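Dear colleague,

Please find below the structure that I am handing over to you. My notes on what was found in it follow.

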Amino acid sequence: MHPNGIDDNPLLTTALEAAVPLHIMNLTQLHPNVRERVRTRWAADGVDEIAYRGDTLQFGSKKRGEAAAAFNALARALAAGAFQPGGITFCGLHWCVDHTECVDAERQASERPSLLDREPEPAKPSGPTWRGRPVTDVMLPEVA
Ligand SMILES: [Zn+2]
């Protein structure tokens with residue numbers, strides 16, 4: 001949580017708690033082929049809208065309807081993400097269409113060792129070496 005950040009906005013999170021499930025319900029009622037097209041479009045529109053006007057969600061806008069458009073795009077994008085394996089989590093809120101997949105993914109992730117715990121393997125030189133170091137010919141400029 002960042003103080004005064006987007007995740008510290010109870011009005012936004014409360015509105016998302018209401019709006020995203022409605023968009024998920026709308027998507028579930030579509031034929032799977034149509035749903036995938038709509039989800040793809042909602043996700044892309046949401047990314048564009050948030051990239052261009054995401055600040056209106058935090059700070060509002062003097063332009064009438066601009067914050068509502070950004071909010072609706074965000075809510076639809078989150079609904080689209082809810083159909084992904086593992087669902088989607090935003091501002092501490094989580095939406096998904098099959099939570100058992102989320103639980104399975106969390107369990108599998110917790111069972112795997114962290115990449116930070118592993119020592120990286122040094123890259124092996126592909127050419128000739130001298131005392132383990134790669135040997136490279138360097139062309140020096142000729143002196144007149
Ligand atoms: Zn879930």
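**Findings**

Gly81 has its place in helix α4; helices (H or I, at least four residues) and strands (E, at least two) are DSSP runs, numbered from the N terminus. The model is a predicted one, in which local features need pLDDT of at least 70, side-chain atom pairs count only at pLDDT 80 or more, and totals for chains, interfaces and linings use all residues. Residues are numbered from 1 along each chain as its sequence is written.

Is Gly81 buried or exposed? Gly81 is buried, because 21 other C-beta atoms lie within 10 Å. The cut-offs are as follows: a residue is buried with 20 or more other C-beta atoms within 10 Å of its own, exposed with 12 or fewer, and partly exposed in between, with C-beta atoms placed from the backbone. Leaving out residues up to four places away in sequence, Gly81 touches Ala43 and Ile88; contact requires C-beta atoms, placed from the backbone, within 7 Å. Between Gly81 and Pro128 there are 50 Å in space, C-alpha to C-alpha, and the two are 47 residues apart in sequence.

A nonpolar core is a set of buried Ala, Val, Leu, Ile, Met, Phe, Trp, Tyr and Cys residues joined through C-beta atoms within 7 Å. This core has 19 residues, and those touching the most other members are Val20, Leu74, Ala77, Leu78, Ala79 and Trp95. Two or more residues come from each of α1 (10–28), α2 (32–53) and α4 (66–81). Val20 is in contact with Ala75, Leu78, Ala79 and Trp95, apart from its neighbours within four places in sequence. In soluble globular proteins, nonpolar side chains tend to be buried together.

How do the helices pack? The axes of α1 and α4 come within 8 Å and cross at roughly 55°. Axes are lines fitted to C-alpha atoms, for helices over the stretch in contact, and angles run from 0 to 180 degrees between N-to-C directions. The two helices α1 and α4 are therefore oblique to each other; angles under 35 degrees count as roughly parallel, over 145 as roughly antiparallel, 65 to 115 as roughly perpendicular and the rest as oblique. On the α1 side, the residues making the contact include Ala15, Val20 and Leu27, and on the α4 side they include Phe71 and Leu78. This contact of α1 with α4 has 10 nonpolar, 1 polar and 1 charged residues. Here Ala, Val, Leu, Ile, Met, Phe, Trp, Tyr, Cys and Pro count as nonpolar, Asp, Glu, Lys and Arg as charged, and the others, Gly among them, as polar.

Helices α2 and α4 pack at an angle of about 140°, with their axes 8 Å apart. That angle makes α2 oblique to α4. Among the residues in contact are Trp42 and Ala43 of α2, and Ala77 and Gly81 of α4. The contact of α2 with α4 divides into 11 nonpolar, 2 polar and 6 charged residues.

Cys91, in the loop between β1 (88–90) and β2 (93–95), has a positive phi near 55°. Arg131, in the loop between β3 (129–130) and β4 (133–134), has a positive phi of about 50°. Most residues other than glycine have a negative phi. Cys91 is partly exposed because 17 other C-beta atoms lie within 10 Å, whereas Arg131, with 5, is exposed.

Yours sincerely

Terms used:
Contact = placed C-beta atoms within 7 Å.
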